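Hi everyone, thanks for making time this morning. I'd like to walk you through a structure that may be new to you, so let's bring it up.

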Amino acid sequence: MRVLITGATSGIGERLALRYAKQGYSVIACGRNQNKLDSLCNRFPAIETLSFDLTHYGEYPSLETEIDLLILNAGDCEYIDDALHFDAKKFERIININLIAIGYALEKWLHRIKRGGRVVLVSSSAGLLPLPRAEAYGASKAALTYLAQTLSIQLKPHGLCVSVVLPGFVDTPLTKKNTFDMPMLISTEEAASEIIHGIEKGKFEISFPRRFIFIMKVLKLLPLSAWQKLATRMTL
Ligand SMILES: NC(=O)c1ccc[n+]([C@@H]2O[C@H](COP(=O)([O-])OP(=O)(O)OC[C@H]3O[C@@H](n4cnc5c(N)ncnc54)[C@H](OP(=O)(O)O)[C@@H]3O)[C@@H](O)[C@H]2O)c1
């Protein structure tokens with residue numbers, strides 16, 4: 001089995017790459033940090049690496065061999081601290097890596113997935129609710145989840161399966177930047193186990209931790225005006 005993972009140099013993607021390599025998969029690990037890619041190869045010489053910026057359309061390498069699994073995990077988070085003085089460039093950076101780059105990867109690599117294979121989009125539970133300061137991140141992830149939902153309808157007749165991953169808080173360099181409390185924070189090991197298990201079960205939505213997602217989905221049932229009142233009192 002052959003899996004390509006973007007964002008494999010850190011956090012959730014790195015853990016997934018190591019876990020799949022341990023399971024004997026042929027792993028293609030993508031990232032920009034060459035040192036981190038080299039250290040992955042030192043641990044598992046069979047891991048192949050692709051080093052390039054996913055937001056650069058022209059840099060995508062074509063894949064020589066077919067793959068069974070495409071995990072589009074790379075992403076970034078920056079908060080909009082002052083919505084009144086909207087930072088369009090910050091907005092663009094986040095939309096580019098979290099959403100536009102997914103489109104690039106789908107164009108370049110989707111046709112290399114074997115029939116019966118799967119594409120996995122790593123979105124976020126942040127896309128479930130409008131959260132303070134998440135104008136860029138939340139919008140990108142809400143759109144990504146929509147993209148996964150519609151892709152799953154369109155790709156089914158072609159024998160391709162789709163999963164979307166909605167994590168709560170996972171302890172990674174991305175969340176280390178957060179200065180607020182992160183309830184039910186889990187490790188990358190736990191997150192990777194949830195994702196691998198969900199993929200093995202053929203699930204469309206792979207969301208975790210279960211209690212955190214349950215609370216988010218209950219809050220989502222509130223009338224928007226009630227949620228807006230609650231959200232303005234949140235300090236994220
Ligand atoms: N951590 C959480 O609590 C959490 C919760 C919900 C969803 N997620 C999602 O899970 C995914 C992984 O997040 P993480 O927490 O593991 O983050 P992370 O530790 O910061 O890792 C992000 C990865 O994305 C890669 N990346 C970022 N920009 C890139 C670019 N322009 N081109 C190529 N690679 C790029 C980075 O590679 P290089 O540095 O080598 O470029 C790195 O490997 C993201 O999509 C994130 O939104 C995370």
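Predicted model: local features only at pLDDT ≥ 70, side-chain atom pairs only at ≥ 80, totals over all residues.

Asp81, for its part, counts as exposed at 56% relative accessibility.

As a general point, side chains of opposite charge can pair when their charged atoms come close. Searching the whole structure gives 13 salt bridges. Another one of them joins Glu189 and Arg19, at 2.6 Å from N to O. Here, too, distant parts of the chain are linked, with Glu189 in helix H6 and Arg19 in helix H1 (residues 11-22), 170 residues apart. Arg19 counts as buried at 18% relative accessibility, whereas Glu189 is partly exposed at 35%.

A further salt bridge brings together Glu78 and Arg93, whose closest N and O atoms are 2.8 Å apart. Glu78 sits in the loop between E4 and H3 and Arg93 in helix H3, 15 residues apart. Arg93 is partly exposed, at 43% relative accessible area.

Let's stay around here for a moment and look at Lys90. Lys90 is also in helix H3. What does Lys90 touch, leaving aside residues up to four places away in sequence? The answer is Glu78, Tyr79, Ile80 and Asp81. Lys90 is buried, with a relative accessible area of 14%.

Now for the aromatic rings. Across the whole structure, a search finds 10 aromatic pairs. In one of them, Phe52 and Tyr60 are edge-to-face, with 4.9 Å between centres and 70° between the planes. Phe52 is buried at 8% relative accessible area, and Tyr60 counts as buried at 8% relative accessibility. Tyr60 also pairs edge-to-face with Tyr104, at 6.1 Å centre to centre and 85° between the planes. Because Tyr60 lies in the loop between strand E3 (48-51) and strand E4 (67-72) and Tyr104 lies in helix H3 (residues 88-109), this pair ties together parts that are 44 residues apart in sequence. Tyr104 counts as partly exposed, at 22% relative accessibility.

Ring pairs link Phe52, Tyr57, Tyr60, Tyr104 and Trp109 into a cluster.

Two last stops. Met182 is in the loop between helix H5 (173-176) and helix H6 (188-200), and its contacts, not counting residues up to four places away in sequence, are Phe169 and Thr175. Finally, Phe214, Ile215 and Val218 make a nonpolar surface patch of about 280 Å². Val218 belongs to helix H7 (residues 210-220) and counts as partly exposed at 40% relative accessibility.

That's my tour, and I'm happy to take questions.

Methods. Residues numbered from 1 in each chain as written. Heavy atoms only, no water. Helix = DSSP H or I, 4+ residues; strand = E, 2+ residues; numbered from the N terminus. Contact = heavy atoms within 4.5 Å. Phe/Tyr/Trp six-rings, centres within 6.5 Å; stacked < 30°, edge-to-face > 60°. Buried < 20%, exposed > 50% of the residue type's maximum accessible area, 1.4 Å probe, protein only. Patch = residues over 30% accessible without salt bridge, like charges linked within 9 Å, V, L, I, M, F, W, Y side chains within 5 Å. Areas by Shrake-Rupley, 256 points an atom, 1.4 Å probe, with all protein chains shown as cover. Salt bridge = Lys/Arg side-chain N within 4 Å of Asp/Glu carboxyl O.
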